[in-house]
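Reader: Hi! I'm new to this one, could you walk me through it?
Author: Happy to, let's bring it up.

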Amino acid sequence: MEKNPIYDIQSVTEAAEGDKVDILTNWPREPSQAMDNTQWQALQEMLTKRLSLIQGPPGTGKTYVSVVALKVLLLNMKYGDSPIILASQTNHALDQLLRLVATFETSYIRLGSRSNDPEIKRRTLYCVRQNEPAVTVHGSVLGGARKEQKFLTQAIARILQPFNAENAQEPLPAS
């Protein structure tokens with residue numbers, strides 16, 4: 001953000017389409033019609049600081065402002081930018097936020113598995129990794145380790161063959 005503070009925030013202001021604003025030095029004074037002054041200040045905080053903590057009583061628009069901020073950040077994101085990390089005190093609050101995020105962004109990962117929402121459960125790190133093909137890195141030890149694992153698994157199966165259920169009635173060989 002400090003390197004390039006010029007953002008397109010027209011989706012939250014009455015700015016003309018395509019207008020970009022230096023959010024560090026030229027933040028618009030007037031909030032959009034959909035926000036009050038404290039929500040507008042929270043949005044400015046979210047967009048201009050590396051870390052923002054937004055708190056308040058229920059019903060004050062914390063989730064709404066968070067979603068607006070995420071839309072602006074994603075709209076202005078460039079290749080190589082750091083990922084956006086959302087944290088919440090409860091799983092329920094995180095799921096509520098992610099349900100709204102999922103309406104405009106499908107490329108997200110939820111860390112943790114305690115979600116009651118089936119759609120969000122599909123975006124947990126575990127589920128996403130299960131659905132992705134294994135990546136082979138040439139020159140890595142993974143390929144050799146997999147071959148060794150296969151070899152050892154076959155050797156163990158041969159050693160345990162006399163203990164199979166089909167051989168249960170026969171005496172064990174001395175070997």
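Author: One term to begin with: contact means heavy atoms within 4.5 Å. This is a predicted model, where local features need pLDDT of at least 70, side-chain atom pairs count only at pLDDT 80 or more, and totals for chains, interfaces and linings use all residues. Residues are numbered from 1 along each chain as its sequence is written, and side-chain values use heavy atoms, leaving out hydrogens and water.

Reader: Thanks! Which residues are buried in helix 2?
Author: They are Val65, Ser66, Val67, Val68, Ala69, Leu70 and Val72. Buried means under 20% relative accessible area, exposed over 50%, and partly exposed in between (1.4 Å probe, protein chains only). Helices (H or I, at least four residues) and strands (E, at least two) are DSSP runs, numbered from the N terminus.

Reader: And what covers the buried residues of helix 2?
Author: The cover includes strand 1 (6–7), helix 1 (37–48) and helix 3 (91–101).

Reader: New topic: where does arginine 110 lie?
Author: Arginine 110 sits in the loop between helix 3 and helix 4 (118–121).

Reader: Buried or exposed, that arginine 110?
Author: Arginine 110 is buried, because its relative accessible area is 1%. Beyond four places away in sequence, arginine 110 touches residues including Leu94, Leu98, Ile120 and Leu125.

Reader: What about phenylalanine 151, which helix is it in?
Author: Phenylalanine 151 belongs to helix 6 (residues 142–160). Its relative accessibility is 47%, so phenylalanine 151 counts as partly exposed.
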